[in-house]
Amino acid sequence: MTEGLLSSLDTQLYIAVAEVKLLPMLTVDMENKENGSLDVKNSVENGRPLDPADWAVTDVVNYFRTAGFEEQANAFQEQEIDGKSLLLMTRNDVLTGLSLKLGPALKIYEYHVKPLQTQHLKNNSL
């Protein structure tokens, strides 16, 4: 190899570092694989932090829009529900506090809010 040229591993590290600098909100966890290459894991998925507790109101709204609740997502915006608030919501909060139709409200709570709460608790209880 000619001096001054970056090795494959150095190039991969340089690219990973460059990506972090371009996206300061993105954290990178690099792990060596058996073959010596690096596995880069992001703590951001679909533009949102992985932990719902870190979601802003816009992240919550986008989550529900992406899940197919375009109309209902506006209620989360109007009520300024961020990730921490979402994780504190009870079934009654979703069914009555957001003024949603019953059908979508039940689905939002059972298939989204409750699982997010469960996963958050599971990930944060050591």
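Helix H2 (residues 57-66) packs against helix H3 (residues 70-78) at an angle of about 165°, and their axes lie 8 Å apart. H2 is therefore roughly antiparallel to H3. Axes here are lines fitted to C-alpha atoms, for helices over the stretch in contact, and angles run from 0 to 180 degrees between N-to-C directions. Angles under 35 degrees count as roughly parallel, over 145 as roughly antiparallel, 65 to 115 as roughly perpendicular and the rest as oblique. The crossing of H2 past H3 is right-handed. A crossing is called right-handed if the near helix is turned clockwise from the far one by less than a right angle, and left-handed if anticlockwise.

This is a predicted model: local features need pLDDT of at least 70, side-chain atom pairs count only at pLDDT 80 or more, and totals for chains, interfaces and linings use all residues. Residues are numbered from 1 along each chain as its sequence is written, and side-chain values use heavy atoms, with hydrogens and water left out.

Which residues meet where H2 faces H3? From H2 come Val57, Val60, Val61, Phe64 and Arg65. From H3 come Glu70, Ala73, Asn74, Phe76 and Gln77. An α-helix has 3.6 residues a turn, so residues three or four places apart point the same way.

H2 also has buried residues: Val57, Asp59, Val60, Val61, Tyr63 and Phe64. Buried means under 20% relative accessible area, exposed over 50%, and partly exposed in between (1.4 Å probe, protein chains only). Their cover includes strand E4 (48-49), H3, H4 and H6. After H2 comes glycine 68, with a positive phi near 100°.

Now step back to the whole chain. It has six helices and four strands. Helices (H or I, at least four residues) and strands (E, at least two) are DSSP runs, numbered from the N terminus. Their order along the sequence is α-β-β-β-β-α-α-α-α-α. The chain has 126 residues, and 30% of them are buried. Contacts (heavy atoms within 4.5 Å) can also be sorted by separation. Of those between residues at least 6 apart in sequence, 38% join residues at least 24 apart. The chain exposes about 8,700 Å², and carbon and sulfur atoms supply 53% of that area. Accessible areas come from the Shrake-Rupley method with a 1.4 Å probe; for residues, only the protein chains shown count as cover.

Next, helix H4. Glycine 83 lies in this helix. Is glycine 83 buried or exposed? Glycine 83 is buried, because its relative accessible area is 0%. Pro52, Ala53, Trp55 and Val60 are in contact with glycine 83, leaving aside neighbours within four places in sequence. Aspartate 59 is 24 residues from glycine 83 in sequence, yet the two C-alpha atoms are 7.8 Å apart.

The loop between H3 and helix H4 (83-88) holds glutamate 80. Glutamate 80 is not a glycine, but its phi is positive, about 55°. Its relative accessibility is 60%, so glutamate 80 counts as exposed. Serine 99 sits in the loop between helix H5 (91-97) and H6. Serine 99 has a positive phi of about 55° and is not a glycine. At 67% relative accessibility, serine 99 is exposed. Its C-alpha atom is separated by 7.7 Å from that of alanine 75, 24 residues apart along the chain.

Finish with helix H6. Alanine 105 is part of this helix. Alanine 105 counts as buried because its relative accessibility is 0%. Beyond neighbours within four places in sequence, alanine 105 is in contact with Val94, Leu95 and Leu100. Valine 94 is eleven residues from alanine 105 in sequence, and their C-alpha atoms are 6.1 Å apart.

Histidine 112 is also in H6 (residues 102-124). Histidine 112 has a relative accessible area of 14%, so it is buried. What does histidine 112 touch, not counting residues up to four places away in sequence? The list is Tyr63, Phe64, Ala67, Phe69 and Lys107. With tyrosine 63, the side chain of histidine 112 makes a polar contact of 2.8 Å. A polar contact is a pair of N or O atoms within 3.5 Å; within protein, one must be able to donate a hydrogen and the other to accept it, and residues adjacent in sequence count only if both atoms are side-chain atoms. Tyr63 is itself one of the buried residues of H2.
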